Amino acid sequence: MANFTQDELKEVISYNPETGAFAWRVGIGSVVAGKPAGCINTLGYLVIRFKKKLYLAHRLAWFYVNGSWPQCELDHINGNPSDNRMQNLREASHAENNRNKQKHTDNISGFKGGSLHRQSGLWEARICKDGVATRLGLFRSPENASRAYDAHVSKLHGEFARANGG
């Protein structure tokens, strides 16, 4: 995991569990005490360099509050990777974390769970769990495919479901 203790982290960095904000407690080199810690990476996650290594801020937040590293992945409940409030973080398996993802950036339907079925020209709704895809049907519009996905997602994915409305 890391080569430092919770106390060592708390000596150098402050973390506010209600806001998710990190700040430097002490100045080290070019770091100014009191200034926000870290920067947002290309995937939208806050990363913080500590003891010459980059750490994802949500994992540091977990360690800061709990005194131990998460046993598996951490899921940002609201889907915002830079929202590191403790109420927005939960441990999740890789599969659970994937269930709560936003729609893919290359998605042309505009909705999660829907894609163009090239053979028919209709919109297909599909949902996957544990590597098994379930076809929910073909629809005349991406909105109808989206509604079909949304109708199934909570039953299949439970608390990790991310419907198109959220």
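How many disulfides does the count come to? Zero, taking a disulfide as a pair of cysteine sulfur atoms within 2.5 Å. This is a predicted model, where local features need pLDDT of at least 70, side-chain atom pairs count only at pLDDT 80 or more, and totals for chains, interfaces and linings use all residues. Residues are numbered from 1 along each chain as its sequence is written, and side-chain values use heavy atoms, leaving out hydrogens and water.

View 1. Phenylalanine 4 lies in the segment before helix H1 (6-12) and phenylalanine 50 in strand E4 (residues 46-50), so the pair ties together parts 46 residues apart in sequence. Helices (H or I, at least four residues) and strands (E, at least two) are DSSP runs, numbered from the N terminus. Phenylalanine 4 is buried at 6% relative accessible area, and phenylalanine 50 is buried at 4% (buried is under 20%, exposed over 50%, partly exposed in between, with a 1.4 Å probe and protein chains only).

**View 2. Tyrosine 15 pairs with tyrosine 64.** This edge-to-face pair has 5.6 Å centre to centre and 70° between the planes. Both tyrosine 15 and tyrosine 64 are buried.

**View 3. Strands E8, E9 and E10 form an open sheet.** The order is E8-E9-E10, with antiparallel pairing (two strands pair if DSSP finds at least two bridges between them). Strand E9 (residues 122-129) and E10 share seven bridges.

Notes
Rings of Phe, Tyr and Trp (its six-membered ring) pair if their centres lie within 6.5 Å; planes under 30 degrees apart count as stacked, over 60 as edge-to-face and the rest as tilted.
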